[in-house]
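Please look at the structure below before reading the report.

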Amino acid sequence: MADYTRLLTETLNTVQQEGRYRVFMDLQRQYGQFPYASRRRQTGHVDQVVVWCSNDYLGMGQNPDVIKAMHHALDSCGSGSGGTRNISGTTRYHVELEKELASLHNKESALLFSSGYVSNSATISTLARILPNCHIFSDEKNHASMIEGVRFSGASKHIFKHNDVNDLRSKLQSLPLETPKLIVFESVYSMDGDISPIADIIDLAQEYKALTYLDEVHAVGMYGNQGGGMAQKLGLSDHIDIIEGTLGKAFGGFGGYITGSRLMIDVIRTAASGFIFTTSLPPVVLAGALQTIRHLRSSQTERILHQKHAALLKKKMREAGLPILETSTHIVPLMIGNASLCKKISDQLIDEFGHYAQPINYPTVSRGTERLRFTPTPLHTEQMMDDLIVALQKIFKHFDIPLTTGKCDEFFIHEENIKEKVG
Ligand SMILES: Cc1ncc(COP(=O)(O)O)c(C=O)c1O
């Protein structure tokens, strides 16, 4: 008989030995106080911390008008939607929000899903299954939900080097023009904070007659004159077949969606089991998203402050000799390069200094590129940044990690160099 306990325990032991066992922080966000949150330690002691790693990028989860709209929906409709979309679970809020999302991305239609993860997995797998002999071309750094969609589709896959249009071209040209092709990629890659060559990928798609699927999860709300993402910012929305996004990050709520032509959305609506066979999102969540998106379509304040604060934190970290990966987005990765050390720095940062940034280890990033990832919002102050930097400098000193005077790539801490420091 299989020894299930031993097999399961061994799995965890491996993760623990590699220093990447995940311990979730017990946090309670406080309305009106973001980015502060209460953190409950295992001892039961509660203290206040500054959260630096929230994907509520613009702090919209705390916006008073959003909260008001959600209260209104809750008080008038109750809690859940009461069913799948097909069985009494399509409410006025679903209809309105899908209309708003389509308009945001300048598309004919939109479709809501339980999450961004589900929208990627369900749409990619469904589309590539429907198109006969479809080949998928997927960036090697795509999110797990897109990888799952590619796998579930059963279609032939071609993984191209990250953001490498030459590699993509060489893979596309190996197939006849008549073969259905789907290129799946992201606009902003959330761990490195880099941007994909969207225009070049569109050109290739046109040349080789491929469909394009763009994940804008880390761009919606924050880029484009209405928060329609990087494609909107670059004036390219009309050239992408499917734009996917989340309501859970800069829109501050929960849920995911795709937008595209009426025909495309109708097909996914009809065929994607991850859309059909699940309870639809509750009205209260959709009411919040609707208010947020309407606000961000007309207000530039949050976007301007967001970029300003990200640039300021990068500048301060650079000047302090902290090895950040240079990015052209709002994401500030502080490179550590070792899973145990990354965890220790993160623990000390919150336990001793009250600043929270979770360690990012394998498999989220590749081994040897472990990091802390900071996402300053419009609500983080300059004083918070200064306090954070003093704390990080003290921690670097404690672990005997040298500060850098050059760029991160010149400095990068390699695993071999730090093994003895973490024991
Ligand atoms: C690139 C990317 N796509 C999709 C998702 C999933 O979105 P959601 O959190 O709404 O499920 C994430 C989540 O982290 C992501 O980083």
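Which atom of the ligand lies 2.6 Å from a polar side-chain atom of His218? It is an oxygen atom of the ligand. This distance, like the other values here, comes from a predicted model.

**The ligand site**

The ligand is surrounded by 13 residues, and the closest include Gly116, Tyr117, Asp215, His218 and Thr246. Sorted by class, this shell holds eight polar, three charged and two nonpolar residues. Helix α4, which spans residues 116–130, contributes three residues to the shell, the most of any element.

| Residue | Ligand atom | Distance |
|---|---|---|
| Asp215 | nitrogen | 2.7 Å |
| His218 | oxygen | 2.6 Å |
| Lys249 | oxygen | 2.9 Å |

On its own, the ligand has 390 Å² of accessible area, and the protein covers 82% of that area.

**A patch on the surface**

Another feature is a nonpolar surface patch formed by Tyr4, Leu7 and Leu8. Together these residues have about 350 Å² of accessible area. Leu7 belongs to helix α1, which runs over residues 4–17.

Is Leu7 buried, partly exposed or exposed? Leu7 counts as partly exposed because its relative accessibility is 40%, and a residue must be under 20% to be buried and over 50% to be exposed.

How values were computed. Residues are numbered from 1 along each chain as its sequence is written. This is a predicted model: local features need pLDDT of at least 70, side-chain atom pairs count only at pLDDT 80 or more; totals for chains, interfaces and linings use all residues. Side-chain values use heavy atoms; hydrogens and water are left out. A residue is near a molecule or strand if one of its heavy atoms lies within 4 Å of it. A polar contact is a pair of N or O atoms within 3.5 Å; within protein, one must be able to donate a hydrogen and the other to accept it, and residues adjacent in sequence count only if both atoms are side-chain atoms. Accessible areas come from the Shrake-Rupley method with a 1.4 Å probe; for residues, only the protein chains shown count as cover. Helices (H or I, at least four residues) and strands (E, at least two) are DSSP runs, numbered from the N terminus. Ala, Val, Leu, Ile, Met, Phe, Trp, Tyr, Cys and Pro count as nonpolar, Asp, Glu, Lys and Arg as charged, and the others, Gly among them, as polar. Patches are made of residues with over 30% relative accessible area and no salt bridge: like charges are joined within 9 Å, nonpolar side chains (Val, Leu, Ile, Met, Phe, Trp, Tyr) within 5 Å. A salt bridge is a side-chain nitrogen of Lys or Arg within 4 Å of a carboxyl oxygen of Asp or Glu. Buried means under 20% relative accessible area, exposed over 50%, partly exposed in between (1.4 Å probe, protein chains only).
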